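Hello,

Here is the structure I promised to pass on. Please open it first, then read my notes below.

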Amino acid sequence: MAFTPSRRPVVITGIGVVSPNGVGCDAFRVALRTGRSGIEEIPFDTSMLRTHAAGCVSGFEAADFLSVPDLRRTPRTVHLAAGASAEALGMAGLLPAVEGRATEGEKMGVVLGTGGGGLAFVEAQYRLYFTGQKGYSPFTIVAGTHGNLSSELSIRFGLKGPSHCISTGCTSSTDALGYAAMQIRTGVCPMFLVGGADAPIAEGILRGFELMRILAEQRDPVSAMSRPFSADRDGFVLGEGSWMFVLEDADHAAARGAKVLAELCGYASTCDAYHRVQPAPDATESARAVTLALEQAGVTPGELGYVNLHGTSTGLNDLLETKAMHLALGEAARGIPMSATKLMSGHPQGAAGAAGIAATVLAVGAGFLPPT
């Protein structure tokens, strides 16, 4: 349900990106403008799989953001989130270059959206355990339990507000932003470090998706495998990454002289109560979520300048998402530019919503729309 406790404006004052098609906001923006894909051959042996490509983050040094012991104790999801968080906090003017801990940390909470969390870490640990090898980590439980992941960011950056994880599948990071905005509007904290992170590229996880028959078939080049809304689409490409934001009460941002990048005007969530992995064929609840969010924002469909779509590149999702747009936006849907960015990043699962928000803010702010 839409939640409107107050009309206190909530704004984005920092963005951080660790994406398959660009590490850092500048690189990500250039990739969006040029349509450059980050989908590539998976950097481990995939001979036992049908899938050999994914949206893999490269050129990222996790050791720049976490100590060597912490790198061993935590899943890659945390590594990616720490890198994106450092950039977001720095852009917002909240991260001193030397100390590495945020200023006003007692006023800032954390909400991390993730779908798979530390599953890839747990998969690797269980492989060691069941094959009798040494090295099984005493941190397997805390690394594999979603609720601990946001705490890693709180500890790393000295953030003393609420520290929560949201895990609602593909909508995890979108819901995280909505939840953080509610907390800000009710006066819990004036600022939140919020966004999404997922790192699901592992043998067992890929095999599970293969059994569901929803991954794209191999193509040459692999950068052409993710094809949202194309007539010959045949499935999504798994991706990883983190897209983080500083979300802030507008008055608080103004008082400290922070630059506002965007305003989060509306949020809504519904459930069609239909199936574990398939949206309902009538698309009415998806459409209702859009309608409720627009109502909260006080915006009509005709005022929209761009829509960033989920666009997984599966036959069913793309069809029903198109239907939902027409139901929610009516005739205006035909004239609104829309695109999906998963052709460049793959599908980063619970971080997908944050990836779309970052792509929208960075692209529109620079005067262009990402291609499909």
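The second largest pocket has 22 residues in its lining. Nearest its centre lie F44, R76, A120, I201 and A202. Keep in mind that this is a predicted model. The space in this second largest pocket comes to about 390 Å³.

Which helix gives the largest share of that lining? It is α4, with 5 residues. α4 spans 119-130, and both α3 and α4 supply at least two residues each. By class, the lining of the second largest pocket splits into 12 nonpolar, 6 charged and 4 polar residues.

Next, α3 itself. This helix covers residues 76-91 and packs against α6, residues 149-157. Their axes lie 10 Å apart, at an angle of about 45°. The two helices are therefore oblique to each other. The crossing of α3 past α6 is right-handed. On the α3 side, the contact uses T77, V78, A81, A82, S85, A86 and L89. On the α6 side, L149, E152, L153 and F157 take part.

Helix α1 (residues 25-34) packs against helix α13 (residues 352-365). Here the angle is about 80°, and the axes are 10 Å apart. Angles of 65 to 115 degrees count as roughly perpendicular, so α1 is roughly perpendicular to α13. From α1, the contact takes C25, F28, R29 and L32. From α13, it takes A355, A358, A359 and L362. This contact of α1 with α13 has 7 nonpolar residues, 1 charged and no polar ones.

Now the cavities. How many of 30 Å³ or more turn up in a search of the whole structure? The search finds 1. The largest cavity has a volume of about 40 Å³. Its lining is made of N308, L309, T341, K342, S345, P348, A352, A355 and G356. Two elements give two or more residues each to that lining: α12 (342-345) and α13. The most come from α13, with 3 residues. The lining of the largest cavity holds 4 nonpolar, 4 polar and 1 charged residues.

One residue links two of these topics. A355 of α13 is part of the contact with α1, and A355 also lines the largest cavity. Start there when you view α13.

Best wishes

Terms used
Residues are numbered from 1 along each chain as its sequence is written. This is a predicted model: local features need pLDDT of at least 70, side-chain atom pairs count only at pLDDT 80 or more; totals for chains, interfaces and linings use all residues. Side-chain values use heavy atoms; hydrogens and water are left out. Axes are lines fitted to C-alpha atoms, for helices over the stretch in contact, and angles run from 0 to 180 degrees between N-to-C directions. Helices (H or I, at least four residues) and strands (E, at least two) are DSSP runs, numbered from the N terminus. Angles under 35 degrees count as roughly parallel, over 145 as roughly antiparallel, 65 to 115 as roughly perpendicular and the rest as oblique. A crossing is left-handed if the near helix is turned anticlockwise from the far one by less than a right angle, and right-handed if clockwise. Contact means heavy atoms within 4.5 Å. Ala, Val, Leu, Ile, Met, Phe, Trp, Tyr, Cys and Pro count as nonpolar, Asp, Glu, Lys and Arg as charged, and the others, Gly among them, as polar. On a 1 Å grid over the protein atoms alone, a cavity is a set of points where a 1.4 Å probe fits but cannot get out, and a pocket is an open set with protein on both sides within 12 Å along at least five of seven lines; lining residues have an atom within 4 Å of a point. Grid points are joined across faces, edges and corners, and a volume is the space filled by probe spheres set on the points.
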